[in-house]
Amino acid sequence: MRALLVVNPQATATTAAGRDVLAHALASSVKLDIVETDHRGHARKAASGAAAEGVDLVVAHGGDGTVNEVVNGLLDSTDGGPPPVLGVVPGGSANVFARALGLPRDPVEATHRLLMAIETGSRREVGLGRVEPVGTPGRWFTFNAGLGWDADVVAEVERRRDKQASPLLYATIALTSYFRQMREAPQLRVELPGGELVHDVRLAFVSNTDPWTYLGGKPISINPETSFDGGLGLFALRSLGPTTVARTLSQILLPKFEPSGGNLVRRDDVDYLRVSSSQPVRLQVDGDDLGEHSQVGFSSVPAALRVAV
């Protein structure tokens with residue numbers, strides 16, 4: 001088996017020693033090449049090249065951003081054939097995709113799990129989300145995308161790359177962004193299957209799995225019924241008033257509690273949806289800032305990828 005290991009050395013929990021252990025372990029089971037990324041888009045390019053060359057397995061060792069780039073590279077062009085199998089060894093701070101798959105957070109344990117999957121041929125087909133901003137190329141996402149508040153937080157965290165992306169930093173930026181959004185958030189319109197229209201939405205989150213993300217070790221669930229085996233989940237708020245936001249936050253922080261409320265719009269297992277705005281609003285995909293857009297389509301693609309688990 002031919003394999004490529006894509007390592008992001010700048011990821012939060014990635015170390016040179018851990019990379020060497022992982023590479024040595026993989027090299028005992030596969031014919032291995034290694035790429036260390038040094039700029040944005042590098043992981044995607046490496047994975048795309050591996051897919052074009054017929055590599056069997058591409059392993060992403062980094063955070064969710066690295067995984068997203070690798071996934072997009074694998075699916076860039078497959079000439080009608082199946083893309084290489086994806087392997088994931090967590091190396092970031094949240095590692096939402098890996099944890100949603102039930103993979104260990106510890107890189108050594110995750111490496112052992114990956115080696116067992118290689119030996120036994122264990123694979124899982126997962127559905128992915130596809131985002132299509134009007135006028136720009138589309139992008140695959142593995143666990144979530146959002147328009148509005150969360151996207152503004154992602155953009156600000158990216159701007160502060162000199163600081164550690166800790167839960168405290170996210171919380172501080174989220175609070176600052178909230179007060180700005182409460183005053184300035186544009187009104188969004190959501191189009192759903194069957195001609196259903198939802199007007200006057202202030203933010204829209206789209207999930208491909210549950211949980212939506214993690215706050216440290218705590219899972220944050222907004223669409224508990226959403227999974228890699230079904231359609232997308234929509235979570236939208238008509239108001240960003242303090243009462244609505246406080247109620248919603250208290251609900252999603254409770255374990256196994258399904259959020260509800262008069263200002264909350266939730267849908268599960270949606271094949272597609274479209275969000276539009278009279279003015280550009282910021283978009284994030286898997287924690288990556290994609291800039292501002294006035295119209296964005298989202299679709300669910302079943303069994304888009306095979307993952308070694």
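Modeller: What follows goes from the overall fold to one helix and then to some backbone details. This is a predicted model, in which local features need pLDDT of at least 70 and side-chain atom pairs count only at pLDDT 80 or more, while totals for chains, interfaces and linings use all residues. Residues are numbered from 1 along each chain as its sequence is written, and side-chain values use heavy atoms, with hydrogens and water left out.

Biologist: How many helices and strands does the protein have?

Modeller: The protein has eight helices and 16 strands. These are DSSP runs numbered from the N terminus, with helices (H or I) of at least four residues and strands (E) of at least two.

Biologist: What share of the residues is buried?

Modeller: Of the 309 residues, 53% are buried, where buried means under 20% relative accessible area, exposed over 50% and partly exposed in between (1.4 Å probe, protein chains only).

Biologist: Moving on to helix H2, which of its residues are buried?

Modeller: In helix H2 (residues 42-52), the buried residues are His42, Ala43, Ala46, Ala47, Ala50 and Ala51. Seen down the axis of H2, they fall within an arc of 170 degrees, so they line one face of the helix. The arc is that of the directions from the helix axis to the C-beta atoms.

Biologist: What do those buried residues pack against?

Modeller: The buried residues of H2 pack against strands E1 (2-7), E2 (31-36) and E3 (57-62), and against helix H3 (64-74). Contact here means heavy atoms within 4.5 Å.

Biologist: Which exposed residues sit on the face turned away?

Modeller: Lys45 and Ala52 are the exposed residues on the face of H2 turned away from its buried side. Just after H2, glycine 54 takes a positive phi of about 80 degrees.

Biologist: Which residue other than glycine has a phi near 55 degrees?

Modeller: That is asparagine 95, whose phi is positive. Most residues other than glycine have a negative phi, and most peptide bonds are trans. Asparagine 95 lies in the loop between strand E4 (85-90) and helix H4 (96-100), and is buried with a relative accessible area of 6%. Alanine 303 also has a positive phi, of about 45 degrees. Alanine 303 belongs to strand E16 (residues 288-308) and is partly exposed, at 46% relative accessible area.

Biologist: And where is the cis peptide bond?

Modeller: The cis bond joins aspartate 210 and proline 211, with omega about 0 degrees. Proline 211 is in the loop between strand E10 (203-207) and strand E11 (213-215).
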